[in-house]
Amino acid sequence: MSRPAVATIDLEAIKQNYLLAKRLSNNARAVAIIKANAYGHGAVVVAHKLEESVDAFGVACIEEAVELRNAGITKPILLLEGFFTPDELPYIAKNNIWCAIHNGQQIDQIATMNLSDEITFWLKMDSGMHRLGIAPEDYSELYRKLNALPCCAEIVCMSHFSSSDEIDNPKTNTQMATFDASTHEIKAQHSIANSAAILAHANARRDWQRPGIMLYGASPFDHEQENANALQTVMRLTSKIIAIHDLNKGDPVGYGETWVCDKPTRVGTVAMGYADGYPRHAKNGTPVMIDGVKSRLIGRVSMDMITVDLSDVPDAHIGSDVEFWGENISINEIARCADTIPYTLYTGITSRVHKHYINEK
């Protein structure tokens, strides 16, 4: 016996979403971004499913790369934040790990190391996001400096968009223009397209794409978009009703009495809460599916339980299935109801939610 909160993850859907990113880019190469435990989906399991199909994997830090190498993953792994201390570099060099470089100090540190193996570096430009990256006016000089190091096998020029999910925002074109102007004399491969750019900005699709959120079936946009509509759903978050109460008009439900029955109401209690990763700030009326019938959340989300309206689900019973997001309810819709984004919902799923994988082979 176990608590019925389950995240069912379709690994074939992740693979198909990766292949969609490739098709949109005329089959140019793509780094499958599986940082943050594959956005909460399980990095090792996802990597094993994708390894035969992918060109490379992307993670945030060396700890995530080590986990993959220890699990037998052999494809190149890109460290998107680069190295944090120089003592990481020997492991990086010996284990076919690619490394982002985002400041001149890192290049100076590499120069002090006597590395017996070469490294592929991804030199990151700050084209306008102002988070990580080398200033455009310094980029060519630091490219030459990095390229002159004996341990440098190859350099990929990269940058990152701040607003590519806002399709009409001119900032994306401005960043592309900055990047192109600062790299036009450099003979190297380029990578600037994240999920939103792959889906909606054809001129951002270069030698290497970096699909992230789109792998997991969520749209990076807050509106309909043709290519995003082709994404396959990956995760279905479900649980079951564990109690039912028939309440009278005027009866409150849950902490803080944020919802009060406006008529006699049948209320179901479900084993799911913010300690499972469901957003505490989901509003009254947030949709749920109960035995295939659309209903709504009522009352405040608590640590372990959620209450739902059974008024339109007369056959609901203890043990009835409840879907919180998946095939029937988009995770983007839940994110809007909780004033957040799908990224936080996926990465917030906790360890007490059982992961059930389908289509592993």
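Predicted model: local features only at pLDDT ≥ 70, side-chain atom pairs only at ≥ 80, totals over all residues.
Residues are numbered from 1 along each chain as its sequence is written, and side-chain values use heavy atoms, leaving out hydrogens and water.

Two strands pair if DSSP finds at least two bridges between them.

| Partner of β2 | Bridges | Sense |
|---|---|---|
| β3 (residues 56–59) | 3 bridges | parallel |
| β9 (residues 208–209) | 2 bridges | parallel |

On the β9 side, A30 stands opposite Q209. Strand β2 (residues 29–33) is mostly covered, with 4 of its 5 residues buried (under 20% relative accessible area, 1.4 Å probe, protein chains only).

Now for a pair of helices (DSSP H or I runs of at least four residues). Helix α6 (residues 104–111) packs against helix α7 (residues 136–147) at an angle of about 15°, and their axes are 10 Å apart. Axes are lines fitted to C-alpha atoms over the stretch in contact, and angles run from 0 to 180 degrees between N-to-C directions. The angle therefore makes α6 roughly parallel to α7 (under 35 degrees).

In the contact (heavy atoms within 4.5 Å), G104, I107, D108 and I110 of α6 meet L142, K145 and L146 of α7. By class, this contact has 4 nonpolar, 1 polar and 2 charged residues; here Leu and Ile count as nonpolar, Asp and Lys as charged, and Gly as polar.

Terms used: Buried < 20%, exposed > 50% of the residue type's maximum accessible area, 1.4 Å probe, protein only. Parallel < 35°, antiparallel > 145°, perpendicular 65-115°, else oblique.
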